[in-house]
Amino acid sequence: MSDGEGLDAVPDCLFCKIVAGDIPAEIVSTTEYTVAFRDINPQAPTHVLVIPRLHAPDVASLALASPEAAAALLVETRRIAMGEGHDSYRLVFNTGADAGQTVFHAHGHVLAGRGLDWPPG
């Protein structure tokens, strides 16, 4: 696994602390590239966050710095949804504060288990 430039753990990052095991989370899965855990404020019956082990502020930054980690994250989101019993799910990446991102470590929200109307928000 390549760490890529600027993808080292950030000491004050909540998700880096979860990856390191310093903050507890309800872990759903771990892979070479990802950690997945249940959201503490679920917006659907299934609401799992899938994060890269590498620190990147958002998914586009992750894809630029480590395409293999970004691809692995996407593959894992599908595996999580299917493992939770859902072949229909929503995958959300918020990028930037105005889009609702509150933790600036790339992460995908896997949402399923209820009707997900459009537009969201």
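Predicted model: local features only at pLDDT ≥ 70, side-chain atom pairs only at ≥ 80, totals over all residues.

A: Leaving aside residues up to four places away in sequence, Ile27 touches Ile18, Val35, Ala36 and Phe37. Ile27 belongs to strand E1, which covers residues 27-30.

Now to the salt bridges. Glu26 pairs with Arg38 in a salt bridge whose closest N and O atoms are 3.2 Å apart. Arg38 lies in strand E2 (residues 34-38), while Glu26 is in the loop between helix H1 (14-20) and E1, so this pair ties together parts that are twelve residues apart in sequence. Glu26 is exposed at 52% relative accessibility, whereas Arg38, at 26%, is partly exposed.

Arg38 has another partner: Glu84, with the closest N and O atoms 2.8 Å apart. Glu84 sits in the loop between helix H3 (67-83) and strand E4 (90-92), and Arg38 in strand E2, so here the parts tied together are 46 residues apart in sequence. Glu84 is partly exposed, with a relative accessible area of 26%.

The whole structure holds three salt bridges. One of them links Arg79 and Glu76, whose closest N and O atoms are 2.8 Å apart. These two residues are three positions apart in helix H3, which means that about one helical turn separates them. Arg79 is partly exposed at 45% relative accessible area, but Glu76 is buried at 4%. Through shared partners, salt bridges join Glu26, Arg38 and Glu84 into one network.

Stepping back, the protein has three helices and five strands, arranged along the sequence as α-β-β-β-α-α-β-β. Among contacts with a separation of 6 or more, 54% are between residues 24 or more positions apart. The radius of gyration is 14 Å, which agrees with the value near 14 Å for a compact globule of 121 residues. The C-alpha trace spans about 40 × 30 × 25 Å along its principal axes, and 38% of the 121 residues count as buried. As for charge, there are 7 positive and 15 negative side chains, and the centres of the two sets lie 9 Å apart.

Methods:
Residues numbered from 1 in each chain as written. Heavy atoms only, no water. Helix = DSSP H or I, 4+ residues; strand = E, 2+ residues; numbered from the N terminus. Rg over C-alpha atoms; globule rule 2.2 N^0.38 Å. Buried < 20%, exposed > 50% of the residue type's maximum accessible area, 1.4 Å probe, protein only. Contact = heavy atoms within 4.5 Å. Lys, Arg positive; Asp, Glu negative; His and termini not counted. Charge placed at Lys NZ, Arg CZ, Asp CG, Glu CD. Salt bridge = Lys/Arg side-chain N within 4 Å of Asp/Glu carboxyl O.
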